[in-house]
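Here's a quick briefing to read with the model open beside you. Let's walk through it topic by topic.

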Amino acid sequence: MALPPSKKVSPYARAPRLPEEGEIDPRNVLSASKPIELEIGPGHGGFILERLVSEPNTYIMGLEVRRKWATLVDERIQALGFAPRGRVFSEDARAALPRFTSGSLARIYVHFPDPWWKKRHSKRRVVSPEFVDQAARLLISGGDVFIQTDVPERAGLYEELFTGHAAFDPWGESARVDDPNFGARSPRERRALADGLPFARLRFRRR
């Protein structure tokens, strides 16, 4: 007998999750012997999958708040045989990052974040002063944060947040960089390039 609609279990109810309590060392999650990379909001998984294919020595984790896409992308990573080096978990980065072990990350990617336009939604933004503090704690010396955005005002805000923090320097003379050639592109980045739309690439180095 079919369950009534209110009783049906979501096919993504068992989305991959991190441990509910305690400190989390991402290196242990992936059985990595070195600091790993982290993508916040991998969405449909285009970037993280390409990164795993193009860089055989890369260990990378994704934190995706939407259960559906965390499940589907993590399953695809496993199906392609990349599970030893990559995982995606259904987690809100704002809650997960404070539980991560200090110095456990080599790089953080944030592609086209914060789709919240109204001022009252500012508390929902990923890239915030709290995020910058966590990035400073989690990244190794020389590690970096890479952010892309097609909203000029946000690019200015992110640049101000990071360059104003004692732990970060611009990657070069400026935080605005050309294509860093990570061997992977986010789907939105590809669309922007195909349509000739302007966007900013920002990169910051952990002192």
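**Arginines over a tryptophan**

R205 lies over the face of W171, 3.9 Å from the ring centre. R203 also lies over the face of W171, at 3.6 Å from the ring centre. To count as a charge over a ring, NZ of Lys or CZ of Arg has to be within 6 Å of the ring centre and within 35 degrees of the ring normal.

Some ground rules: this is a predicted model, where local features need pLDDT of at least 70 and side-chain atom pairs count only at pLDDT 80 or more, while totals for chains, interfaces and linings use all residues. Residues are numbered from 1 along each chain as its sequence is written, and side-chain values use heavy atoms, with hydrogens and water left out.

**The sheet**

- Seven strands make up an open sheet with mixed pairing, in the order β3-β2-β1-β4-β5-β7-β6. β3 and β6 sit at the edges with a single partner strand each, so one side of each is left without a neighbour in the sheet.
- Neighbouring strands here are turned by 20° against each other on average, direction ignored; the axes behind that angle are lines fitted to C-alpha atoms, for helices over the stretch in contact, and angles run from 0 to 180 degrees between N-to-C directions.
- Strands (E, at least two residues) and helices (H or I, at least four) are DSSP runs, numbered from the N terminus. Two strands pair if DSSP finds at least two bridges between them.

**Around strand β7**

- Strand β7 (residues 200-206) is mostly covered, with five of its seven residues buried. Buried means under 20% relative accessible area, exposed over 50%, and partly exposed in between (1.4 Å probe, protein chains only).
- β5 (residues 139-149) runs antiparallel to β7 and is joined to it by six bridges; V145 stands opposite F204 in β7.
- β6 (residues 168-170) is also antiparallel to β7, with three bridges, and D169 stands opposite R205.

**Helix α2**

- In helix α2 (residues 46-54), the buried residues are G46, F47, I48, L49, R51 and L52.
- Those buried residues pack against β1, β2, α3, β3, β4 and α7, where contact means heavy atoms within 4.5 Å.

**Aromatic pairs**

- Rings of Phe, Tyr and Trp (its six-membered ring) pair if their centres lie within 6.5 Å; planes under 30 degrees apart are stacked, over 60 edge-to-face, and the rest tilted. That rule gives seven aromatic pairs.
- One of them is F131 with F162, edge-to-face at 6.3 Å centre to centre and 80° between the planes. F131 is in helix α5 and F162 in helix α6, so the pair ties together parts 31 residues apart in sequence. Both are buried.
- F47, Y109, F146 and F182 form one aromatic cluster.
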